[in-house]
Amino acid sequence: MSLFRSDPRSQEARPDGRRRLPPGQRLTDGWPVLHYGNIPKIDLSEWRLHIFGLVEEEKVLTWEEFNALPQTNSLSDIHCVTTWSKFDNHWDGVRFIDLQALVKVKPEAGHVVFHSYGGYTTNVPLPELQGPENMLVHTHNGEPLTPEHGWPLRGLVPNLYFWKSAKWIRGIEFVAQDRPGFWEMYGYHMHGDPWTEERYG
Ligand SMILES: Nc1nc2c(c(=O)[nH]1)N[C@H]1C(S)=C(S)[C@@H](COP(=O)(O)O)O[C@H]1N2
Ligand SMILES: [Mo]
């Protein structure tokens, strides 16, 4: 019997009835660091967030402009495909839907590709980003993100495996057809639902 199994939180249910800890996952209290390649060097005075693709008007936000948007917070669990989960993460940042509202998305847009400094990309269906839990976040449990966790800003899509939460985010692209991102091209699932174990495609 492992220590992980005896944590009572792993038996909790979510409001939607699904077990809080997805199948095949185990709880960690630490926060592992996982990424491909090097941590990109970012200068906040040159940092930009591009919102582009199938939109009526593209937007390019500076760090000051991003921080002037309505800020909000959320509490969520994260689930890495390598089987660790971390519960009760408190995040501060801006909701995806508030960013989407800045550009007027065209009706033919069906998916989003998140782009990171350093070249990483990941794809998510647009309808699944409409909930308030999906954000671009700069703060975790009251502290600014550290460079290895995505400073200054990362995506957060907590209902999908954590590889869908792009660190060092620099762009949000609206596209019509689903298009594989970095790990998806190496065989990770196009969708990535932890509760149905959509680990590999
Ligand atoms: N830019 C970028 N974002 C990324 C990755 C990456 O390689 N590059 N890896 C993803 C994967 S596989 C995981 S599990 C999480 C890990 O985030 P963490 O290091 O903050 O735990 O970041 C995701 N976001
Ligand atoms: Mo991962």
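This is a predicted model: local features need pLDDT of at least 70, side-chain atom pairs count only at pLDDT 80 or more; totals for chains, interfaces and linings use all residues.
Some of the contacts with ligand 1 are polar, and oxygen atoms of the ligand take part in them. His-149 brings a polar side-chain atom to 2.6 Å from a ligand oxygen, while an N or O atom in the side chain of Arg-154 is 2.7 Å from an oxygen atom of ligand 1. With Leu-34 it is the backbone that takes part: one of its N or O atoms there lies 2.9 Å from an oxygen of the ligand. As for cover, ligand 1 on its own has 530 Å² of accessible area, and the protein covers 98% of that.

Next come the aromatic rings. The angle between the planes, together with the distance between the centres, is what describes a pair of such rings. The count for this model comes to 17 aromatic pairs. One of them joins Tyr-161 and Trp-163: the ring centres are 5.7 Å apart and the planes meet at 15 degrees, which is under the 30-degree cut-off, so this pair counts as stacked. Tyr-161 is buried, at 0% relative accessibility, and Trp-163 is buried too, with a relative accessible area of 7%. Tyr-188 and Tyr-200 make an edge-to-face pair, with 5.4 Å from centre to centre and 80 degrees between the planes.

Definitions and conventions. Residues are numbered from 1 along each chain as its sequence is written. Chains are lettered from A and ligands numbered from 1 in the order in which they are written. Side-chain values use heavy atoms; hydrogens and water are left out. A polar contact is a pair of N or O atoms within 3.5 Å; within protein, one must be able to donate a hydrogen and the other to accept it, and residues adjacent in sequence count only if both atoms are side-chain atoms. Accessible areas come from the Shrake-Rupley method with a 1.4 Å probe; for residues, only the protein chains shown count as cover. Rings of Phe, Tyr and Trp (its six-membered ring) pair if their centres lie within 6.5 Å; planes under 30 degrees apart count as stacked, over 60 as edge-to-face and the rest as tilted. Buried means under 20% relative accessible area, exposed over 50%, partly exposed in between (1.4 Å probe, protein chains only).
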